[in-house]
Amino acid sequence: MRLDDYDNNIDVEDQRGQGGGFSLGGGGGGGFPLGLIFSLIGSRFGILGILLVVGASFLFGGLPRQLTGPVGETPSQQVGRPGGETLAQACDVNAFSHESCNALSSLNKTWKPLLATENVAFRAPKLVFYSSQGSSGCGAAQSAMGPFYCPSDQGIYIDTDFYTELDKKLGAGGDFARVYVMAHEYGHHIQNLVGTSAKVTRAQRANPDAANPLSVRLELQADCYAGVWAAQNRARIEPGDVEEGLRAAHQIGDDTLMKAAGRTPVEAAFTHGTAAQRMTWLRKGLDSGNPAACNTFTDGAV
């Protein structure tokens, strides 16, 4: 996808240099090592994916509060760019960093007017780079979590080494697959701004049995929002881009990841949606270019 260079208005923090390299943990035999499953599931573009790896009988469990943080909570710690680096230094550490900054700039420019048509006040998120481990307003940031959005400080957190794993371990490489990650996390920011995330949180607390189905709807909507952004920039899409995005959506479906981990897919444990669902909603956003087409809560669940 042909993106312009980032502008100077983006908000970027760089926490790299505070930890070691990208570690996925050990493992062997069939399936993926636990660290990789943790990374890939968390990276499926929302921190709620961690639910799939916490549990005894299959990859599922409770949601750690320190990882999500209530919407609007004040961050416990802010970490700036070590050594007073400039924006260019933070964005140009490597090609993936530069690409992420380009995507952030494009996302800001695309969503600001879209929200204005709905009379929603726009506030750009910040992009936080870290390596191995860092700090967010929702608690610790760790590479094994993959890219995630923290509503407490409105930050998108990325260890760019994840993109190598996305390519090498899941076969979901390509620039459009990577910017899809960014656009999905940005979709969670949009949900935060319009109030959808808060509604879902209240509904989950009121009905814990519906927590996972509501999580799936939220994640699928973020996939659709990623497609909307791409559609709004259709002239910049290159041959093969859409296929890269759809392949990534397939590879990070709950059922695909569970099968890769040697587990039988269990719908009750899904938090992000099946491969087919994720591809469908990404395609819906791509085809429509309209956020209104991304209503995954049509039955009034929230």
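Tyr163 is buried, with a relative accessible area of 3%. Buried means under 20% relative accessible area, exposed means over 50%, and partly exposed is in between (1.4 Å probe, protein chains only). The model is predicted: local features need pLDDT of at least 70, side-chain atom pairs count only at pLDDT 80 or more, and totals for chains, interfaces and linings use all residues. Residues are numbered from 1 along each chain as its sequence is written, and side-chain values use heavy atoms, without hydrogens and water.

Helix H5 covers residues 161–170, and its buried residues include Phe162, Tyr163 and Leu166. Helices (H or I, at least four residues) and strands (E, at least two) are DSSP runs, numbered from the N terminus. Just after H5, Gly171 has a positive phi of about 65 degrees.

## Aromatic pairs

The whole structure holds 4 aromatic pairs. Rings of Phe, Tyr and Trp (its six-membered ring) pair if their centres lie within 6.5 Å; planes under 30 degrees apart count as stacked, over 60 as edge-to-face and the rest as tilted.

The ring centres of Phe96 and Tyr163 are 5.6 Å apart and the planes stand at 80 degrees, so this pair is edge-to-face. Because Phe96 lies in helix H4 (residues 95–116) and Tyr163 in helix H5, the pair ties together parts that are 67 residues apart in sequence. Phe96, Phe162 and Tyr163 form one aromatic cluster.

Most residues other than glycine have a negative phi. Ser132, not a glycine, has a positive phi of about 75 degrees, and Gln154, also not a glycine, has one of about 50 degrees. Ser132 sits in the loop between strands E2 (126–129) and E3 (133–136), while Gln154 sits in the loop between strands E5 (148–150) and E6 (155–158).
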